[in-house]
Amino acid sequence: MQFLPEEIEQYAENHSEPENSVLEALTTETWQKVIMPRMLSGHLQGRFLSMLSHLIRPKLILEIGTYTGYSALCLAEGLAEGGRLITIDINDELKAIQDKFLAQSPQAKNIERLFGNALDIIPELPGEFDMVFIDADKENYLKYYDMVIDRIKPGGLLIADNVLWSGKVTKPAAPSDIETRVLQEFNERVTQDPRVQNLLLPLRDGLMMARKK
């Protein structure tokens, strides 16, 4: 998932706001104890999510895909007073590590975790979203998009992770490669959607940003 030379990536990190001690510790523990730790958002992407959240001061954030909680912590940093972040994951295998680090956030009381199938949970959630972050099973990205796009407030943001898929999206996908094919269709769907202004950023494994008009 590295598209930049390592020295450029390190230079960018050195000249960006540092991670706080909680995020640093969470990064270390994730790499020590969790399978596929590269799924962690990481320093640059985390600071980018935090920056966006601070800019729009969301009252309600929806995150689809919690993993160990790194991105939730970053997004919650910019919540408006009394704001809330809802994060959904399909299983609770990582609940212990989430418990440990989310509890250390100043926004801990404003972070709500839900476990189960997001396709079943999202329709039951009340309200409109100021931000949505999609970082879950790639084969359902189109379904997630269709479920949430009309529930994002005008001026709100949708961000989807892994939309470059290690560069696979730039080449024809094999018939059996469902994830790549869905991501290609997702990127095209967002680009052609008149309801949004979009930008695909080659940050980490690719972030699709869509601002609701």
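Asparagine 198 has alanine 210 of strand 7 as its bridge partner. This pair belongs to the link between strand 6 and strand 7 (residues 207–212), two antiparallel strands joined by six bridges. The structure is a predicted model. The points below start with the sheet, then follow its strands, the helices packed nearby in the description, and a few single residues.

- Seven strands form an open sheet in the order 3-2-1-4-5-7-6, and the pairing is mixed.
- The edges are taken by strand 3 (111–115) and strand 6 (196–201). Each has a single partner strand, so one side of each has no neighbour in the sheet.
- On average, neighbouring strands of this sheet are turned by 15° against each other, with direction ignored.
- Strands of a sheet pair through backbone hydrogen bonds, and the pairing can be parallel or antiparallel.

- How many residues of strand 1 (residues 60–64) are buried? Five of the five are, so strand 1 is largely enclosed by the rest of the structure.
- The side pointing one way from strand 1 carries Leu60, Leu62 and Ile64, while Ile61 and Glu63 point the other way; all are buried.
- Strand 1 runs parallel to strand 2 (residues 84–89), and five bridges join the two. Within this pairing, arginine 84 of strand 2 stands opposite leucine 60.
- Between strand 1 and strand 2 the chain passes through helix 4 (residues 70–76), which gives a right-handed β-α-β crossover.
- Strand 1 also pairs with strand 4 (residues 129–134), in the parallel sense and over four bridges. Here isoleucine 61 has methionine 131 of strand 4 as its bridge partner.

**Strand 5 and its partners**

- Seven of the 10 residues of strand 5 are buried, and the strand is mostly covered.
- Strand 4 and strand 5 run parallel and are joined by five bridges.
- Methionine 209 in strand 7 is the bridge partner of isoleucine 159.

**Helix 7 and helix 8**

- Two packed helices are described by the angle between their axes and by the distance between the axes.
- For helix 7 (residues 141–148) and helix 8 (residues 178–192), the axes come within 9 Å and cross at roughly 30°. Because angles under 35 degrees count as roughly parallel, helix 7 is roughly parallel to helix 8.
- Which residues of helix 7 and helix 8 make the contact? Helix 7 contributes Tyr141, Leu142, Tyr145 and Asp146. Helix 8 contributes Val182, Leu183, Glu185, Phe186, Arg189 and Val190.
- Seven residues of this contact are nonpolar, three are charged and no residue is polar.
- Helix 8 also lies across strand 5 (152–161), strand 6 and strand 7, and runs at about 30° to strand 7.

**Two residues with positive phi**

- Most residues other than glycine have a negative phi.
- Methionine 36 is not a glycine, yet its phi is positive, at about 55°. Methionine 36 sits in the loop between helix 2 (21–33) and helix 3. With a relative accessible area of 47%, methionine 36 is partly exposed.
- Tryptophan 165 also has a positive phi, near 50°, and is a residue other than glycine. Its place is the loop between strand 5 and helix 8.
- Is tryptophan 165 buried or exposed? Its relative accessible area is 18%, and it is buried, because the cut-off for buried is under 20%.

- Methionine 51 is part of helix 3 (residues 42–56). Its relative accessible area is 52%, which makes it exposed.
- Methionine 51 and cysteine 74 are separated by 23 residues in sequence and by 8.7 Å in space, C-alpha to C-alpha.
- Leucine 94 belongs to the loop between strand 2 and helix 5 (95–102). Leaving aside residues up to four places away in sequence, leucine 94 touches Val34, Tyr67 and Thr68.
- Leucine 94 and leucine 52 lie 42 residues apart in sequence, and their C-alpha to C-alpha separation is 26 Å.

Definitions and conventions:
Residues numbered from 1 in each chain as written. Predicted model: local features only at pLDDT ≥ 70, side-chain atom pairs only at ≥ 80, totals over all residues. Heavy atoms only, no water. Axes fitted to C-alpha atoms, helices over the stretch in contact; angles between N-to-C directions. Parallel < 35°, antiparallel > 145°, perpendicular 65-115°, else oblique. Contact = heavy atoms within 4.5 Å. Nonpolar A, V, L, I, M, F, W, Y, C, P; charged D, E, K, R; others polar. Buried < 20%, exposed > 50% of the residue type's maximum accessible area, 1.4 Å probe, protein only. Pairing = 2+ DSSP bridges. Right-handed = clockwise from strand over helix to strand, strands pointing away.
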